[in-house]
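Subject: Structure handover

Hello,

Here is the structure I promised to pass on. Please open it next to this message and follow along.

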Amino acid sequence: MGLLAYLKTQFVLQLLLGFVFVVSGLIINFIQLLTCVLWPINKQLYRRINTRLSYSLWSQLVMLLEWWSGTECTLYTDQATVDNFGKEHVIIILNHNYEIDFLCGWTMCERYGVLGSSKVLAKHELLKVPLIGWTWYFLEIVFCKRKWEEDRDTVFRGLDRLKDYPEFMWFLLYCEGTRFTEKKHQISMEVAESKGLPMLKYHLLPRTKGFTTTLKCLKGTVSAVYDVTLNFKDHQVPTLLGIINGKKYMADMKIRRFPVEEIPEDEKECANWLHKLYQEKDALQEHYHKEGTFPGPTITPPRRLWTLLNFLFWATLLLSPLINFACGVVVSGSPLLILGFSLFLIIASIAIRRLIGVTEIKKTGSSYGDEGAKKQN
């Protein structure tokens with residue numbers, strides 16, 4: 001292990017990274033709160049400001065992926081598809097198998113200039129998560145409880161508001177509804193068998209209601225649906241903790257573009273189209289497991305310096321006073337100050353660890369397969 005790789009695994013450095021992210025996030029959230037006065041005056045100005053504030057926070061996580069861990073993302077697609085990236089409103093369909101699948105999606109958003117305006121249909125519990133949920137609230141993310149009777153009006157209102165969004169957005173949907181686990185897969189395939197639907201090997205049965213509703217509400221705004229199938233070289237199982245420890249992963253993303261005109265408008269036919277799409281995604285994953293690659297040409301978009309420069313700005317702004325204060329505490333020799341600062345570090349490390357826990361597969365349980373599976377579309 002080289003010196004740099006060793007340093008990346010050290011708790012003190014990781015704590016400083018977390019400190020920068022958390023404190024800058026709180027500052028950004030406070031500024032976002034202040035921008036609320038703009039909403040009734042100039043809604044589009046409010047949105048443009050919050051797009052850039054959100055970028056300043058999310059790009060720090062992208063920096064960890066691209067510059068700290070050195071993870072590489074290769075796209076399996078054609079140049080004609082890539083030429084549309086960042087130039088149209090789209091719906092993204094991504095498989096939900098990995099702890100960092102959202103981060104791989106974000107790095108593509110960043111490289112094509114839509115990170116700050118990226119959207120997602122998110123579970124309501126995330127609204128309560130500091131930094132993540134708070135930033136999403138100001139960014140007009142659509143939250144749902146995954147109970148259609150309760151979500152109907154909220155989802156329709158939230159999507160309707162986005163029709164006039166001033167910057168190109170990528171709207172992410174995890175159509176499987178929850179992250180893949182063997183137990184959830186078994187339950188999901190029992191549902192598929194009971195409904196006479198084709199069995200899937202690498203995915204859960206897609207929940208069609210969210211997709212058909214989003215497509216219907218954003219008709220006339222979105223130009224296409226991008227189907228993204230993600231996997232990792234050498235059967236790697238990436239984690240956010242691995243990224244923080246500086247571990248490098250090799251991500252492969254198969255991307256297909258479907259113009260909205262090619263997708264049926266009828267809700268039942270649209271649902272059937274989505275089921276067929278997931279059968280194709282399953283075939284792509286089978287090909288990857290056998291060959292180690294997806295079919296088709298590859299493109300590797302270059303990293304941009306903006307994520308690194310943004311992090312260096314916040315690190316310079318926040319770490320200098322922290323280090324000066326820490327040195328002052330040590331020099332003072334005051335047991336009370338030293339104890340207080342130690343408690344601060346402990347609380348900070350626990351808070352950061354809890355934020356990381358939001359992404360962990362073993363801690364992202366759901367009621368999938370209990371009552372929810374019976375209502376699955």
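Start with strand β6. Ala-224, Tyr-226, Val-228, Leu-230 and Phe-232 point one way from the strand. Val-225, Asp-227, Thr-229 and Asn-231 point the other way. Both sets are buried.

The average pLDDT of the protein is 89, and 92% of the residues score at least 70. Take care with residues 370–377, where pLDDT stays under 50. The model has 15 contacts beyond four places in sequence for that stretch. Where pLDDT is low, predicted coordinates should not be read in detail.

**The sheet**

β6 belongs to an open sheet of 8 strands. What is the order of the strands? It is β4-β3-β5-β2-β6-β7-β1-β8, and the pairing is mixed. The edge strands are β4 (142–144) and β8 (298–299), each of which pairs on one side only.

Strands of a sheet pair through backbone hydrogen bonds, either parallel or antiparallel. You can find both kinds here:

- β2 and β6 are parallel, with 5 bridges. Ile-91 has Val-225 of β6 as its bridge partner.
- β6 and β7 are antiparallel, with 9 bridges. Thr-229 has Lys-254 of β7 as its bridge partner.
- β2 (residues 90–94) and β5 (residues 170–173) run parallel, joined by 4 bridges. Val-90 has Trp-170 of β5 as its bridge partner.

**Two helices across the sheet**

Now look at helix α9, residues 208–217. It lies across β2, β3, β5 and β6. Its direction is at about 160 degrees to β5.

Helix α11 covers residues 267–291. It lies across β2, β6 and β7, and runs at about 30 degrees to β6. At 1.5 Å a residue, the 25 residues of α11 should span 36 Å. The end C-alpha atoms are 36 Å apart, so the two values agree.

Tyr-278 sits in helix α11. Its relative accessible area is 0%, so it counts as buried. Which residues does Tyr-278 touch, leaving aside neighbours within four places in sequence? They are Ile-93, Leu-94, Cys-175, Glu-176, Leu-200, His-203, Leu-204 and Pro-206. Take Cys-175 from that list. Tyr-278 and Cys-175 are 103 residues apart in sequence, yet their C-alpha atoms are 9.5 Å apart in space.

Val-120 is in strand β3. With a relative accessible area of 9%, it falls under the 20% cut-off and is therefore buried. Beyond four places in sequence, Val-120 is in contact with Trp-136, Ile-141, Val-142, Phe-171 and Leu-172. Val-120 and Arg-304 are 184 residues apart along the chain. Their C-alpha atoms are separated by 23 Å.

**Two residues with positive phi**

Glu-140 has a phi near 65 degrees, a positive value in a residue other than glycine. It is in the loop between α6 (132–138) and β4. Asp-234 is not a glycine either, and its phi is about 55 degrees. Look for Asp-234 in the loop between β6 and α10 (240–244).

Is Glu-140 buried or exposed? It counts as buried because its relative accessibility is 7%. Asp-234 counts as exposed because its relative accessibility is 71%.

**From the record**

The UniProt entry, which is unreviewed, places the feature "transmembrane region" at residues 12–39, 311–331 and 337–356. In the model, residues 12–39 are 86% helix and 0% strand. The end C-alpha atoms of that span lie 41 Å apart. Residues 311–331 are 100% helix and 0% strand, with end C-alpha atoms 29 Å apart.

Over to you.

Best wishes

Technical notes:
Residues are numbered from 1 along each chain as its sequence is written. This is a predicted model: local features need pLDDT of at least 70, side-chain atom pairs count only at pLDDT 80 or more; totals for chains, interfaces and linings use all residues. Side-chain values use heavy atoms; hydrogens and water are left out. UniProt positions are given in the numbering used here, feature names are shortened, and annotations may be inferred rather than shown by experiment. pLDDT is the predictor's confidence in each residue, from 0 to 100. Contact means heavy atoms within 4.5 Å. Two strands pair if DSSP finds at least two bridges between them. Axes are lines fitted to C-alpha atoms, for helices over the stretch in contact, and angles run from 0 to 180 degrees between N-to-C directions. The expected span of a helix is 1.5 Å times one less than its number of residues. Buried means under 20% relative accessible area, exposed over 50%, partly exposed in between (1.4 Å probe, protein chains only).
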